[in-house]
Amino acid sequence: MNKKKQIKCYYFQLFFIFANQYPNEYMISCKNITKSFGDLTVLKGIDLTISKGEIVSVVGPSGAGKTTLLQILGTLDKPDSGEVLYENINVSKLKDKELAAFRNKNIGFVFQFHQLLPEFTALENVMIPALIGNVKQPEAMKQAKEILDFLGLHDRMEHKPAQLSGGEKQRVAVARALVNHPFVIFADEPSGSLDTQNKEELHQLFFDLRKEFNQTFVIVTHDEQLAKLTDRIIPMKDGKVI
Ligand SMILES: Nc1ncnc2c1ncn2[C@@H]1O[C@H](COP(=O)(O)OP(=O)(O)OP(=O)(O)O)[C@@H](O)[C@H]1O
Ligand SMILES: [Mg+2]
């Protein structure tokens, strides 16, 4: 790493430490989660805990309920029964507005397809969650620039998604997920649309972010190599953790 990059990394680290409100023992847990769509029971009683700084992978055949579980843990969907706790906050008890604010502050998402807004630049896409979280525009821009810089996207900030490569788009999506310093990033097949080299770079990035900032990740993946690298594999089949 050259000196300039080292200094940048140091400032970014300091910034993260000050902005990071989560103690190391902070934990997400879910208890006896069930979920059905019509007659189809997709989740049949899931219990899990995820600690600060862990990188866990969720694996299993198509239709096992991985995405459904991730959406429920990430508060994008509600279980039929059971509860999701962030430390001692039961998210199902939060009202819609409170939940939206909670999600914006504590949770980041990365999907298989980047889901960046096509009419906005990379920088603007990364700023949006900060602006939604009521961070003032100049500060949101500063934070977004620092993160994009850290992810090696300094020269791509003013590009719109259509002007970025697949790997760059996914890195911008990671930057967007990181901008509010969330407790956890949920990633649903984040490298599913990437070639081998971009895939490996993205996976390395997750581990770099954990090393530098103790960032927590829950990653749904069909990639065995990635799963093997994670701290813990959560294997799912037919709506259960097996
Ligand atoms: N909104 C929905 N309405 C009806 N059925 C749904 C809905 N979402 C998911 N399902 C069904 O629930 C089951 C589990 O879906 P889910 O997306 O969680 O699987 P998955 O493990 O993520 O699979 P994949 O590896 O293919 O992404 C599937 O049979 C799916 O068709
Ligand atoms: Mg899925």
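**Close-up views of a predicted model**

**Figure 1. Contact of helix α4 with helix α6.** Ala122, Asn125, Val126 and Pro129 of α4 meet Val172, Ala175 and Arg176 of α6 in this predicted model. By residue class, the contact of α4 with α6 comprises five nonpolar residues, one polar and one charged. The axes of α4 and α6 (residues 166–178) come within 7 Å of each other and cross at roughly 25 degrees; α4 is therefore roughly parallel to α6. The crossing of the two helices, α4 and α6, is right-handed.

**Figure 2. Packing of helix α4 against helix α5.** Helices α4 (residues 122–132) and α5 (residues 137–150) pack at an angle of about 125 degrees, and their axes are 8 Å apart. The two helices, α4 and α5, are therefore oblique to each other. Here α4 passes α5 in a right-handed crossing. On the α4 side, the contact is made by Ala122, Leu123, Val126, Met127, Ala130 and Leu131; α5 contributes Gln137, Ala140, Met141, Ala144, Lys145 and Leu148. The residues of this contact of α4 with α5 divide into ten nonpolar, one polar and one charged.

**Figure 3. Surroundings of ligand 1.** There are 13 residues around ligand 1, of which Ser62, Gly63, Lys66, Thr67 and Thr68 come nearest. An N or O atom in the side chain of Lys66 is 2.7 Å from an oxygen atom of ligand 1. For Thr67, a side-chain N or O atom is 2.8 Å from an oxygen atom of ligand 1. A polar atom in the side chain of Thr68 lies 2.6 Å from an oxygen atom of ligand 1.

Methods:
Residues numbered from 1 in each chain as written. Chains lettered and ligands numbered in written order. Predicted model: local features only at pLDDT ≥ 70, side-chain atom pairs only at ≥ 80, totals over all residues. Heavy atoms only, no water. Axes fitted to C-alpha atoms, helices over the stretch in contact; angles between N-to-C directions. Helix = DSSP H or I, 4+ residues; strand = E, 2+ residues; numbered from the N terminus. Parallel < 35°, antiparallel > 145°, perpendicular 65-115°, else oblique. Left-handed = near helix turned anticlockwise from the far one by under 90°. Contact = heavy atoms within 4.5 Å. Nonpolar A, V, L, I, M, F, W, Y, C, P; charged D, E, K, R; others polar. Near = heavy atom within 4 Å. Polar contact = N/O pair within 3.5 Å; in protein donor to acceptor, adjacent residues only side chain to side chain.
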